Amino acid sequence: MKILFLNGPNLNLLGTREPEVYGKTTLKDIEAKVRERAVKFGAEIDFRQSNLEGELVAWIQQSKGIYNVIVLNAAAYTHTSIALRDAISAVGVPTIEIHLSNVHAREEFRHKSVIAPVCRGQITGFGADSYVLAVDASVTVNVNAK
């Protein structure tokens with residue numbers, strides 16, 4: 001099983017960016033937790049981050065036939081990117097939307113996800129553990145797809 005973790009804009013600043021909201025854990029720390037959890041399931045992980053919407057779209061497009069599941073923290077693009085939504089829909093690779101913070105308990109503009117309707121599910125509000133939970137969810141999605 002192969003899982004593609006994609007991380008959107010500003011997530012490279014985790015650990016220093018608004019620690020009261022996002023915590024002090026870095027993206028590298030989160031990646032280590034994800035890889036540790038994936039070992040339990042024998043899953044292969046590809047973990048990427050980009051501040052560029054087009055690069056995220058390209059990675060989603062290239063995922064078909066390579067990855068069983070995409071886990072996407074689109075960050076601010078969650079609320080604005082029709083391009084990401086269309087890419088997810090076009091490739092048909094089961095995608096799980098994740099967020100560190102509970103977006104529904106934050107500013108009103110964060111309550112609407114344009115990608116949610118084309119994702120299998122959403123994990124939000126568990127900090128770095130949202131990513132670990134996404135490994136488990138990916139295994140479930142993959143098993144149910146067979």
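A residue counts as buried when its relative accessible area is under 20%. In this predicted model, Phe5 and Tyr131 are both buried.

The 5 strands form an open sheet in the order 2-1-3-4-5, with parallel pairing. Strand 2 and strand 5 (121–124) are the edge strands, and each pairs on one side only. On average, neighbouring strands of the sheet are turned by 20 degrees against each other, direction ignored.

Look at strand 1 and strand 2. They pair in the parallel sense over 6 bridges. Phe5 has Phe47 as its bridge partner in strand 2. Helix 2 packs on the sheet and touches strand 1 and strand 2. The direction of helix 2 makes about 165 degrees with that of strand 2.

**Helix 3**

Helix 3 lies across strand 1, strand 2 and strand 3. It runs at about 170 degrees to strand 1. Which residues of helix 3 are buried? They are Leu56, Val57, Trp59 and Ile60. Seen down the axis of helix 3, its buried residues fall within an arc of 160 degrees, so they line one face of the helix. The face turned away from the buried side carries the exposed residues Gly54 and Gln61. The cover over the buried residues of helix 3 includes strand 1 (2–7), strand 2 (44–49), strand 3 (69–73) and helix 4 (82–91).

**The cores**

The largest nonpolar core has 23 residues. Phe5, Ile30, Val34, Phe47 and Tyr131 touch the most other members. Strand 1, helix 2 (27–41), strand 2, strand 3, strand 4 (95–99) and helix 5 (129–145) each supply at least two residues of this core. Another core, of 19 residues, lies apart from it; Tyr77, Ile88, Val91 and Ile115 are among its members.

Not counting residues up to four places away in sequence, Tyr131 touches residues including Asn7, Leu11, Leu27, Asn73, Ile98 and Leu100.

**The aromatic rings**

How many aromatic pairs does a search of the whole structure find? It finds 3. Two of them are set out here.

| Ring pair | Centres apart | Planes | Type |
|---|---|---|---|
| Phe5 and Tyr131 | 6.1 Å | 15 degrees | stacked |
| Phe47 and Tyr131 | 6.1 Å | 40 degrees | tilted |

Planes under 30 degrees apart count as stacked. The planes of Phe5 and Tyr131 are at 15 degrees, so that pair is stacked. Phe5 in strand 1 and Tyr131 in helix 5 are 126 residues apart. Phe47 in strand 2 is 84 residues from Tyr131 in helix 5. Phe47 is buried, as is Tyr131. Ring pairs link Phe5, Phe47 and Tyr131 into a cluster.

Notes. Residues are numbered from 1 along each chain as its sequence is written. This is a predicted model: local features need pLDDT of at least 70, side-chain atom pairs count only at pLDDT 80 or more; totals for chains, interfaces and linings use all residues. Side-chain values use heavy atoms; hydrogens and water are left out. Buried means under 20% relative accessible area, exposed over 50%, partly exposed in between (1.4 Å probe, protein chains only). Helices (H or I, at least four residues) and strands (E, at least two) are DSSP runs, numbered from the N terminus. The arc is that of the directions from the helix axis to the C-beta atoms. Contact means heavy atoms within 4.5 Å. A nonpolar core is a set of buried Ala, Val, Leu, Ile, Met, Phe, Trp, Tyr and Cys residues joined through side-chain atoms within 4.5 Å. Two strands pair if DSSP finds at least two bridges between them. Axes are lines fitted to C-alpha atoms, for helices over the stretch in contact, and angles run from 0 to 180 degrees between N-to-C directions. Rings of Phe, Tyr and Trp (its six-membered ring) pair if their centres lie within 6.5 Å; planes under 30 degrees apart count as stacked, over 60 as edge-to-face and the rest as tilted.
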